[in-house]
Amino acid sequence: MDVGTSALHSWVVSSAAIFVLVALILSMYLIFDHLIAYNQPEEQKFLIGIILMVPVYAVESFLSLLNSEVAFNCEILRDCYEAFALYCFERYLIACLGGEESTIQFMEGQSLVTSCLPLVDDVYAYGIVRHPFPLNCFLRDWKLGSDFYQAVKIGIVQYMILKMICALLAMIFDSLGVYGEGKFEWGYAYPYLAVVLNFCQTWALYCLVQFYSVTKNKLAAIKPLAKFLTFKSIVFLTWWQGVAVAFLFSFGALKGPLVNVLETRIQDYIICIEMGVAAVIHIHVFPAEPYKHGERCERNVAVMADYASLEAPPDPEEVQDCERSPALHVAWIEEGETHPKIHESVCDVVLGSGGIMVDDVKFTVSHVVEPVERGLSMLNRTFHHISDNLKQHEKSKGDSCLVPLNSPSSSNVHDDIVEGSIS
């Protein structure tokens, strides 16, 4: 029995190692391909962050499979990077739209309803994003523009912040012995943190879906549907997959020799296989070819969207002009200049994306703290007003118990006493 178990464990580790090796080789190849053709920094810096999700998931899951003692810390790091990758995907779409100001201007221009809009886009009619049932019962409609953009931005960044906070709490609870990873028992912290993270992730993905639905026509040149489905499958399915595996384990539904060998690490084994497949898909979904030789041009997207909104065939001359390589690229060739070096590209990816992320976190925290402070100030004023009313009531009640010296009742009593009245 021990020999069979050891052989099965070796087979599991070997098969997982093959998929992890494929994921690492293909992901590193794709990342270096983008770093060599680093022509659109605002887009590619976040695109590289998305591609890095596959090797990060693969390595951490494989380490967890090898050593169960480091599995908890690896899972925490993997979940934190998942939140960062979700943020990178949102920033990548914004960069493809030309930046924040261009994105807001585009959304503000969606207030007019045209005949080319399909029926599924009726929720965006007249520049209003209406929530589906039952969210429309307690959420106000979003107005396309800065209102909608800020709501989506806060909805995605809040998941990244809360993911970090929950990871820190999980480490604290685990050190105290009350975390209970994978145990759905009320005496452990795992089910409570799972509910919070599930809600935050669902809301972040809902905001991302709404953002994609509004901008999918504008982003048609980068084929956003394939990118969206690929990224969403990695983030959303792996999370629910982990929750489902933990739930089945807690009720003893998973049985068999493979399950007995892996115990609670079956989720890591599945992720190792999935990342090998995801790396192959990333080669086709996030290629570097559009960024080589200046082929990735924002004007292509704008021109095609303008003609699509007018239901008119594109002008061949304008399309040909947009498909030409930018003049800046021609100047590079004539002057003999080369592309940015790899180390310069890496510095821009790390420092550039880090600075934008810090600014977005500050923006989100300020927009969340400000209404909380207003609420606390209003509550404080309410308590102060109630206290003043109570003081005035007590004062008026005390004054009503005193008899004035010059009152008619006091004069009558004095007269009765002088006249010798017995009463």
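Modeller: Apart from neighbours within four places in sequence, Arg91 touches Phe46, Glu100, Tyr149, Lys153, Ile356 and Asp360. Contact here means heavy atoms within 4.5 Å. Please bear in mind that this is a predicted model, in which local features need pLDDT of at least 70, side-chain atom pairs count only at pLDDT 80 or more, and totals for chains, interfaces and linings use all residues. Residues are numbered from 1 along each chain as its sequence is written, and side-chain values use heavy atoms, with hydrogens and water left out.

Colleague: Thanks! Why is Arg91 called buried?

Modeller: Buried means under 20% relative accessible area, exposed over 50%, and partly exposed in between (1.4 Å probe, protein chains only). Arg91 has 9%, so it counts as buried. Across the protein, 39% of the 423 residues are buried.

Colleague: And what makes Lys223 exposed?

Modeller: Its relative accessible area is 62%, so Lys223 is classed as exposed. Lys223 sits in the loop between H7 and helix H8 (224-250), and its phi is near 55 degrees, a positive value in a residue other than glycine.

Colleague: Where is Arg91 found?

Modeller: Arg91 belongs to helix H4 (residues 71-96). Helices (H or I, at least four residues) and strands (E, at least two) are DSSP runs, numbered from the N terminus. The protein has 15 helices and two strands.

Colleague: What makes H4 roughly antiparallel to H6?

Modeller: The axes of H4 and helix H6 (residues 146-176) cross at roughly 170 degrees and come within 10 Å. Axes are lines fitted to C-alpha atoms, for helices over the stretch in contact, and angles run from 0 to 180 degrees between N-to-C directions. Angles under 35 degrees count as roughly parallel, over 145 as roughly antiparallel, 65 to 115 as roughly perpendicular and the rest as oblique. H4 is therefore roughly antiparallel to H6. Arg91 takes part in this contact from H4, with Tyr149 and Lys153 among the residues on the H6 side. By class, the contact holds 17 nonpolar, no polar and seven charged residues. Ala, Val, Leu, Ile, Met, Phe, Trp, Tyr, Cys and Pro count as nonpolar, Asp, Glu, Lys and Arg as charged, and the others, Gly among them, as polar.

Colleague: Why are H5 and H7 called roughly perpendicular?

Modeller: Helix H5 (residues 100-108) and helix H7 (residues 190-215) pack at about 70 degrees, with their axes 11 Å apart. That is why they are described as roughly perpendicular to each other. Thr103, Phe106 and Met107 of H5 meet Phe211, Val214 and Thr215 of H7, giving four nonpolar, two polar and no charged residues.

Colleague: How do you know that H3 and H10 are roughly antiparallel?

Modeller: For helix H3 (residues 53-66) and helix H10 (residues 266-285), the axes cross at roughly 160 degrees and come within 8 Å. The pair is therefore roughly antiparallel. H3 also passes H10 in a left-handed crossing. A crossing is left-handed if the near helix is turned anticlockwise from the far one by less than a right angle, and right-handed if clockwise. The residues in contact include Tyr57 and Phe62 of H3 and Tyr269 and Met275 of H10.

Colleague: Which bond joins Phe133 and Pro134?

Modeller: A cis peptide bond, with omega about 5 degrees. Pro134 lies in the loop between strand E1 (128-129) and strand E2 (142-143).
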